[in-house]
Amino acid sequence: MKTTPVTVEDLRRSVIAVPPLARNADLTLNPQANGALLRHLEQGGVRSVMYGGNANFYNVGVGEYARLVDFLAETAGPDTWVLPSAGPDYGKLMDQAMILKSRAFPTAMLLPMSFPFTDAGLADGIRRFSDAISRPVVVYIKASDYIAPNTLARLVQEGRIVAVKYAVVREEPAQDPYLSALLKEVDSRLVVSGIGERPAIVHVRDFGLQSFTSGSVCVAPRGSMELLRHLQEGRHKEAERVRAAYIPLEDCRDAISPIRVLHDAVTLAGIADMGPMLPLMTGLTAAERERVAPVARALLERDRDMLVA
């Protein structure tokens, strides 16, 4: 596992995968399946892996947290950046900080709080979490006006934030006054697009974001990495061509559930058996699995074809 401090180049070098987490029928961690998914990502060129919402870290108990993050650190390749998440509530955040403080992870991400919080209270929590782990952190912005631009800027200036995952869904990603306001205060090199392949082109081309997070990369890592390279080279038409292959799975995720579809898509594609989801989530229904299975398999097949192209 990569343990050196996170740099702008680290944000640029890889799509940031946000994988699901495999569990056995009794909800214990499945080391073999999780290891298989990590190897699949690494073999496809991915070197940044973020465990957050798709891994259902919201519902991971503090009693399991140390074993879980230790497993991820031990399983990842030597140059793979593993990014665990913590929170979202303050009590859980600080309990998990005591665990992370003694581990070598270069940073951790704060899961976004939905209620109750204030701007000043959120900033205070970020400062306390950063102090507790003695490292700068990643802030996950999932809702418009989640944090005031000048508040975020102060935290960056204080050296408490190493990156921002921006994941506010817009019907038209190019029209995003909140993102524009944030980027007037914070260097775009610290911000990554956090909503997968669909808005990635607009976010990188029009707003100057450095990379993007992806769930579908867990099915097809080579294509997602190719998309990132095209974007960084300004080859937008080629990027649009590559992205088109991901839209059917992204459509399923948007129509049903981004987290639930991804979790079962990895299984249905034949990459690894992810097992049941940790409550309070559930897997897909039989009808939903019938819809997702051919889409996931087709995307994986396209990715494998890239090996012989």
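The model is predicted. The largest pocket has a volume of about 620 Å³, and the second largest pocket holds about 200 Å³ of space.

**The sheet**

- Strand β6, formed by residues 161-166, runs parallel to β7 and is joined to β7 by 3 bridges.
- Within this part of the sheet, V164 is placed opposite V191 of β7.
- Strands β1 and β2 also pair in the parallel sense, over 2 bridges.
- The bridge partner of I16 is S48, a residue of β2.
- Strand β2 (residues 48-51) is covered on both faces. S48 and M50 lie on one side, V49 and Y51 lie on the other, and all of these residues are buried.

**The largest pocket**

- This pocket, with its volume of about 620 Å³, is lined by 29 residues. The closest to the pocket centre are K142, V169, G194, I195 and P258.
- Two or more lining residues come from each of β8, α11 (247-255) and α12 (258-268).
- Helix α11 gives the most to this lining, with 3 residues.
- Sorted by class, the lining of the largest pocket has 11 nonpolar, 10 polar and 8 charged residues.

**The second largest pocket**

- About 200 Å³ of space lies in this pocket, and 16 residues form the lining.
- The residues nearest the centre of the second largest pocket are P88, Y90, G121, L122 and G125.
- The elements that give two or more residues to this lining are α4 (90-100) and α5 (119-133).
- Helix α5 provides the largest share of the lining, namely 6 residues.
- By class, the second largest pocket is lined by 11 nonpolar, 2 polar and 3 charged residues.

**Residue N30**

- N30 is located in the loop between β1 (16-17) and α2 (31-43).
- N30 counts as buried because its relative accessibility is 12%, and buried means under 20%.
- The side chain of N30 makes a polar contact with the side chain of N24, at 3.2 Å.
- Leaving aside residues up to four places away in sequence, N30 touches A22, R23, N24 and D273.

**Residue L183**

- L183 has its place in helix α7, which covers residues 177-185.
- When residues up to four places away in sequence are not counted, L183 touches S188, V191, F207 and L209.
- One of these residues, V191, is also the residue of β7 that stands opposite V164.
- L183 and P116 are 67 residues apart along the chain, and their C-alpha atoms are separated by 26 Å.

Note on methods: Residues numbered from 1 in each chain as written. Predicted model: local features only at pLDDT ≥ 70, side-chain atom pairs only at ≥ 80, totals over all residues. Heavy atoms only, no water. Helix = DSSP H or I, 4+ residues; strand = E, 2+ residues; numbered from the N terminus. Buried < 20%, exposed > 50% of the residue type's maximum accessible area, 1.4 Å probe, protein only. Polar contact = N/O pair within 3.5 Å; in protein donor to acceptor, adjacent residues only side chain to side chain. Contact = heavy atoms within 4.5 Å. Pairing = 2+ DSSP bridges. 1 Å grid on protein atoms, 1.4 Å probe; cavity = no way out; pocket = protein on both sides within 12 Å on 5 of 7 lines; lining within 4 Å. Points joined across faces, edges and corners; volume = space filled by probe spheres on them. Nonpolar A, V, L, I, M, F, W, Y, C, P; charged D, E, K, R; others polar.
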